[in-house]
Amino acid sequence: MYGVDAVSKKCVFEWLKRFRDGKEDVKDEPRSGRPPISTTPDNIERVRRILEEDRRLSLRMIAEELKISLDSVTNIIREHLQKRKKKVYAFPPLRRSSNV
């Protein structure tokens, strides 16, 4: 009936469990753990500068140069710089002629 817009059964059961436990909010509780330390304003600026200098660098190369994780570089590019790295293939796809 609702297709892809429907909430999953797993999610509904999780909400039901929370309501039974007395919680009235469906938002996740704050998690403990180490806060992200690689996504700093300094690193965001460094990634921006690197991309301005050479857009052909891979995410892995940027991560190695800045000594931060690949996930942090991906997060900085997508979330903070709102850019997408395009996949570049070494060999472009072959085009067939229509005379074959």
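Helices are DSSP runs of at least four residues, numbered from the N terminus. The legends below use these numbers for a predicted model.

Figure 1. Of its 100 residues, 18% count as buried. The chain exposes about 9700 Å², and carbon and sulfur atoms supply 52% of that area. Among contacts between residues at least 6 apart in sequence, 44% join residues at least 24 apart.

**Figure 2. Arginine 18 and phenylalanine 19 are found in helix H1.** Helix H1 covers residues 9–20. Is arginine 18 buried or exposed? Arginine 18 has a relative accessible area of 17%, and the cut-off for buried is under 20%, so this residue counts as buried. Leaving aside residues up to four places away in sequence, arginine 18 touches Lys23, Asp25, Val26, Lys27 and Asp28. Phenylalanine 19 has a relative accessible area of 43%.

**Figure 3. Isoleucine 50 is a buried residue of helix H2.** The relative accessible area of isoleucine 50 is 8%. Which residues does isoleucine 50 touch, not counting residues up to four places away in sequence? They are Leu57, Ile62, Glu65 and Leu66. Leucine 66 is 16 residues from isoleucine 50 along the chain, and the C-alpha atoms of these two residues are separated by 9.7 Å.

**Figure 4. Helices H2 and H3 cross at roughly 130°.** Two packed helices are described by the angle between their axes and the distance between the axes. The axes of H2 and H3 come within 11 Å. Angles of 65 to 115 degrees count as roughly perpendicular and those over 145 as roughly antiparallel; H2 and H3 are therefore oblique to each other. H2 passes H3 in a right-handed crossing. On the H2 side the contact is formed by Arg46, Val47, Ile50 and Leu51, and these meet Ile62, Glu65 and Leu66 of H3. By class, this contact of H2 with H3 has five nonpolar, no polar and two charged residues.

**Figure 5. Helices H3 and H4 cross at roughly 110°.** H3 spans residues 59–66 and H4 spans residues 70–80. Their axes come within 8 Å. How is H3 placed relative to H4, roughly parallel or roughly perpendicular? The range for roughly perpendicular is 65 to 115 degrees, so H3 is roughly perpendicular to H4. The crossing of H3 past H4 is right-handed. H3 contributes Leu59, Arg60, Ile62 and Ala63 to the contact, while H4 contributes Leu70, Val73, Thr74 and Ile77. The residues in this contact of H3 with H4 divide into six nonpolar, one polar and one charged.

**Figure 6. Helices H2 and H4 pack at an angle of about 85°.** The axes of these two helices are 10 Å apart. Their angle makes H2 roughly perpendicular to H4. Which residues of H2 meet H4? Asn43, Ile44, Val47 and Leu51 do, and the residues they meet in H4 are Ile76, Ile77 and His80. This contact of H2 with H4 holds five nonpolar, two polar and no charged residues.

**Figure 7. Helix H4 has buried residues, and what covers them includes H2 and H3.** The buried residues of H4 are Ser72, Val73, Thr74, Ile76 and Ile77. Among them, Val73, Thr74 and Ile77 take part in the contact with H3, and Ile76 and Ile77 take part in the contact with H2. H2, one of the covering elements, runs over residues 41–53. H4 is followed by glutamine 82, and the phi of glutamine 82 is positive, near 50°.

Terms used. Residues are numbered from 1 along each chain as its sequence is written. This is a predicted model: local features need pLDDT of at least 70, side-chain atom pairs count only at pLDDT 80 or more; totals for chains, interfaces and linings use all residues. Side-chain values use heavy atoms; hydrogens and water are left out. Axes are lines fitted to C-alpha atoms, for helices over the stretch in contact, and angles run from 0 to 180 degrees between N-to-C directions. Angles under 35 degrees count as roughly parallel, over 145 as roughly antiparallel, 65 to 115 as roughly perpendicular and the rest as oblique. A crossing is left-handed if the near helix is turned anticlockwise from the far one by less than a right angle, and right-handed if clockwise. Contact means heavy atoms within 4.5 Å. Ala, Val, Leu, Ile, Met, Phe, Trp, Tyr, Cys and Pro count as nonpolar, Asp, Glu, Lys and Arg as charged, and the others, Gly among them, as polar. Buried means under 20% relative accessible area, exposed over 50%, partly exposed in between (1.4 Å probe, protein chains only). Accessible areas come from the Shrake-Rupley method with a 1.4 Å probe; for residues, only the protein chains shown count as cover.
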